[in-house]
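Some notes on this model follow, as numbered points.

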Amino acid sequence: MKIHIKSGHLIDPKNNIDSKQDVFIAAGKIAGIGKALDGFVANQTIDARGLIVSPGFVDLSARLREPGSEYKATLKSELQAALAGGVTSLACPPDTDPVLDEPGLVEMLKHRAKQLNLAHVYPLGALTRKLEGKLLTEMCELTQAGCVGFSQADNAITDTQILWRAFEYAATFGYTIFLRAEDYYLAQNGVAHDGEIASRLGLKGIPAAAEGLAIASILRIAQETKTKIHLCRLSTAEGVELVRQAKKQGVQVSADVSTQHCHLTDHDIGYFNAYANLKPPLRSARDKAALCQGLKDGTIDAICSDHTPVDDDAKLLPFTEAEAGASALELLLPLTLKWATENKASMFESIAKITSQPASILAISGGDLSVNADADIAIFNPNTEWKVSASQLKSQGKNTPFLGLSMIGKVQYTLLHGQVAYQS
Amino acid sequence: MHNPQLDADGNLKHLLTIEGLPKKILTQILDTAESFVGVAERDIKKVPLLRGKTVCNIFFENSTRTRTTFEIAAKRLSADVINLNVGTSSQSKGETILDTVDNLIAMHADMFVVRHSQSGAVHFIAQHVPDNISVINAGDGRHAHPTQGLLDVFTVRRYKPDMHNLRVALVGDVLHSRVARSEIHALTTLGVPEVRVIAPKTLLPVDVEKLGVHVFHDMKAGLKDVDVVMMLRLQNERMSGALLPSAQEYFKTFGLTQDKLDLAKPDAIVMHPGPMNRGVEIDSSVADGHQSVILPQVTYGIAVRMAVMAILNGGSPSSLRASASEQTGGGA
């Protein structure tokens, strides 16, 4: 199968390309950029006039809900959602049921994903067994089974001795640890940012300092143990500042933010809108501004969807009892473009945040369109306006705080292994 | 964002929180309540405003006093009343809050009075009832207890009619108190120029001053020259632990005694939403003293709840006042 993507505007941040270039694909790989090899005859030509051609997006966090919560979502439904959103590679956190703490479970997940052939799935293994923060998992075995890093998902390790040991052990083999920083005790039972809104609504708050405290400990231990750390879902201004300083001091740290936190604040809880119940909680306008600025100046390396499909039974509840999380794979592109527009960032910068940057954090191939690389490609119209509706979302989770809102930017084609895997 | 408590014409559709309600509506409720105060003093304590209507008290959290006063209020308006103590049992059986509510909708209730332990639960129910049902919040978590807030300002207004010239102090556990939040919004909306909160830092919510109050941590400074002292209940489980060291120390520092009350204006009134912890937040001699209006609060609570139900049922202020002065034809 040979495909010619014609007359599109190519953005490939890793190779520093931002210009009108044709892309030629043969045998699932990029065969040429700009001009074809001699004798290239396309079986299919995609007219990309007015469209952007980019590497398929790489999402640092998407919950697929398998194994264990197939009533919320399945690999098939969520990987189809990924393709509809232009996402061709994604990392999934280990908080499945059972937890991804055994090589057999990881192998099964990889196998199922491969059979479906819908997008590349890169599991993050559990850092501790059952995510309980007590016993280390078999990290080498898990890596062999396909894990690309280790994570505690939303569970903190409260014992700093164990945290230290886990870091040391992971650093022995050069594994990256992915942590969402939140002090367990300060966050206990909290459901919203501890500020005026939580005070008015009578919601138990999580102080911004809960993130700062945890980041400070993590960075300090990472520095001592020389561990590669990725901080997931920053939510506070102080978190951004701590990462900025750490990077200046040469700590091996990277960070991401979710699309939700780039655009929403605790005001969006409104009258107890359960779709705005997220982890970490939506924070103040000042925090949001610092997150957006942190993305712009490179303190925050990547944007992720933090896709978390939740079924109606778990979401149609009073705010405090509703399960946290938002369905977001299909909004990754438009919300990233919206961040760029609002923060005067270029298309090139914004695409880097969802392609080359996350691929480099995960240390996976993908996120670029080098010659001979896998032809995983997203082709989108940056100007198409569309409205988010439950019926339109391919994900089984319809739980998004953006429901009913207009988005700008829509994926037209997603190519996986050089084949058109999605077409709008 | 559309205020879920108001209909398209700006009339009260549900009563979920005082916050965001216009002064006009609060005044309408208080004025209507005035006309109902007299009903209780008659031989036949009934008016026919809600005849043929069914009011359903749904209590997901236990309550005796609030449920009883709502029941009396509904009955004095000639409504049929169903009490449902859901407690925690039906939810432990797996029934969701919406299942419970759907069942009651199917029984054709006209008005729901709801209490729930979670902030926001009553808003949630209001979003899921059909148009012809009104929902009254009888207390949700730490969020709101609007009829309590209204009856408290009703009491204040009866004793201190010039609301624009008052200093009011709320004392105690503001952090966990839905009553405090509703009182603060009611007082500030009605134009009380100075509302104070007096509490240790562990019992105050973050940014509480943004609700329009002045913060004090010392009873002597906070009570100085106030016209109204509103005490808040301290839950037993909070008396000793990480929020407070002991009930004794709390009483010494933040309990209301006659000594401390003497710093307020000589004609200051003392209020408490009940139930009281005598000797913890308030000294018995103050609770039972001549400045206390704690029992009148209970009496007015019924009139205020009658007013809220009558207005939600669609009565205009003037027609309600006229109806209140008539007696029911008996047998209702």
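**Notes on helix packing and the chain contact**

1. This is a predicted model. The buried residues of helix 9 of chain B are covered by, among others, strand 5 (167–171), strand 6 (194–198) and helix 8 (219–223) of chain B.

2. Helix 9 of chain B spans residues 247–254, and its buried residues are B:Tyr250, B:Phe251 and B:Phe254. These lie on the same side of helix 9 of chain B because the arc they cover around the axis is only 105°. An α-helix has 3.6 residues a turn, so residues three or four places apart point the same way.

3. How do helix 6 and helix 12 of chain B cross? Helix 6 (residues 146–159) and helix 12 (residues 294–312) of chain B have axes that come within 8 Å, at a crossing angle of roughly 120°. Helix 6 of chain B is therefore oblique to helix 12 of chain B. The crossing of these two helices is right-handed.

4. On the helix 6 side of chain B, the contact is made by B:Thr147, B:Leu150, B:Leu151, B:Asp152, B:Phe154 and B:Thr155. Helix 12 of chain B contributes B:Pro296, B:Gln297, B:Tyr300, B:Gly301, B:Val304, B:Arg305 and B:Val308. By class, the residues of this contact are 7 nonpolar, 4 polar and 2 charged.

5. Between the chains, 18 residues of chain A are in contact with 22 residues of chain B. Helix 6 (residues 196–201) of chain A supplies the largest share of the chain A side, 4 residues. That side of chain A divides into 8 nonpolar, 6 polar and 4 charged residues.

Technical notes:
Residues are numbered from 1 along each chain as its sequence is written. Chains are lettered from A and ligands numbered from 1 in the order in which they are written. This is a predicted model: local features need pLDDT of at least 70, side-chain atom pairs count only at pLDDT 80 or more; totals for chains, interfaces and linings use all residues. A residue is buried if 20 or more other C-beta atoms lie within 10 Å of its own, exposed if 12 or fewer, and partly exposed in between; C-beta atoms are placed from the backbone. The arc is that of the directions from the helix axis to the C-beta atoms. Two residues are in contact if their C-beta atoms, placed from the backbone, lie within 7 Å. Axes are lines fitted to C-alpha atoms, for helices over the stretch in contact, and angles run from 0 to 180 degrees between N-to-C directions. Angles under 35 degrees count as roughly parallel, over 145 as roughly antiparallel, 65 to 115 as roughly perpendicular and the rest as oblique. A crossing is left-handed if the near helix is turned anticlockwise from the far one by less than a right angle, and right-handed if clockwise. Ala, Val, Leu, Ile, Met, Phe, Trp, Tyr, Cys and Pro count as nonpolar, Asp, Glu, Lys and Arg as charged, and the others, Gly among them, as polar.
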